[in-house]
Amino acid sequence: MVVDMGKRILLLGAPGAGKGTQSKRLAETYDIDHVTTGDALRANKDMETEYGTPRSFMEKGELVPDAVVNEIVEAALEDADGYVLDGYPRNLSQAEYLSEIADLDAVLSLEVAESELVERLTGRRVCSECGTNFHVKFNQPEEAGVCDECGGELIQRDDDTEETVRERLSVFEENTEPVIEHYRDEGVLVEIDGEQTPDEVFDDIVDSLDDA
């Protein structure tokens with residue numbers, strides 16, 4: 001069943017490129033759903049598929065198979081009156097499935113150099129109490145190491161260390177870079193300079209959508 005409602009946007013980019021920030025703004029601006037794989041899986045943990053429920057994999061700490069993820073995302077898109085997809089497709093198999101269930105209005109890729117991505121991700125600090133995000137360079141708290149919101153201690157998450165960040169970027173390059181190439185080869189990819197300020201990035205995204 002092809003989804004054909006509202007504005008349908010696919011936003012691609014490496015970890016730290018700003019997909020989450022820009023997707024939320026797009027969802028608010030265009031009054032569409034922000035669909036992420038993680039949120040879709042959490043919201044449908046007990047959805048029955050022929051391969052089992054997402055919960056059966058998540059509770060074992062296993063990767064949810066593509067076939068299950070595909071069904072979950074398809075259900076999320078069918079329920080959406082327009083959407084911005086963030087974090088899916090992660091590989092060519094998922095991209096091929098997406099082409100069968102969705103007619104996209106725009107495919108955008110946030111382009112950011114690896115050195116910049118490493119700086120962004122390793123500099124992130126998270127409140128151990130309320131989860132608010134800060135950054136040692138781009139979004140500093142009023143008092144170093146202390147959350148502005150609740151006074152909790154700011155910590156670096158295990159997946160924000162340089163070793164882990166570089167591994168995440170390596171996985172992205174191996175699995176998802178071919179997806180970007182796929183859309184580039186199809187002539188539908190719009191590349192956005194993700195190293196600008198968040199407002200400048202958003203303005204470029206909106207301009208590209210207006211031209212679509």
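Contact here means heavy atoms within 4.5 Å. The model is predicted: local features need pLDDT of at least 70, side-chain atom pairs count only at pLDDT 80 or more, and totals for chains, interfaces and linings use all residues. Residues are numbered from 1 along each chain as its sequence is written, and side-chain values use heavy atoms, with hydrogens and water left out. Helices (H or I, at least four residues) and strands (E, at least two) are DSSP runs, numbered from the N terminus. Buried denotes under 20% relative accessible area, exposed over 50%, and partly exposed the range in between (1.4 Å probe, protein chains only).

**Two residues**

S109 lies in strand 4, while Y88 belongs to the loop between strand 3 (83-86) and helix 5. The contacts below leave aside neighbours within four places in sequence.

| Residue | Relative accessibility | Contacts |
|---|---|---|
| S109 | 0% | L12, I180, L189, V190, E191 and I192 |
| Y88 | 1% | L10, T37, V69, N70, V73, Q94, Y97 and L98 |

S109 counts as buried because its relative accessibility is 0%; Y88 counts as buried at 1%.

**Helices 7 and 8**

Helix 7 (residues 162-175) packs with helix 8 (residues 177-185) at an angle of about 40°, their axes being 4 Å apart. F172, E173, E174 and N175 of helix 7 make this contact with E177, P178, V179 and I180 of helix 8. Its residues comprise 4 nonpolar, 1 polar and 3 charged.

In helix 8, V179, I180 and Y183 are buried. Viewed down the axis of helix 8, these buried residues fall within an arc of 100°, so they line one face of the helix. Strand 1, helix 5 (92-101), strand 4, helix 7 and strand 8 are included in what covers them. After helix 8 comes G187, with a positive phi near 80°.

**Helix 9**

The buried residues of helix 9 are V201, F202, I205, V206, S208 and L209. They fall within an arc of 160° seen down the axis of helix 9, so they line one face of the helix. They pack against strand 1 (8-13), helix 1 (19-30), strand 4 (106-111) and strand 8 (189-193). The face of helix 9 turned away from this buried side carries the exposed residues D210 and D211.

**Annotated positions**

An unreviewed UniProt entry places the feature "binding site" at positions including T37, Y88, Q94 and R168.

Methods
Arc of directions from axis to C-beta. Axes fitted to C-alpha atoms, helices over the stretch in contact; angles between N-to-C directions. Nonpolar A, V, L, I, M, F, W, Y, C, P; charged D, E, K, R; others polar. UniProt positions renumbered as here; feature names shortened; annotations may be inferred.
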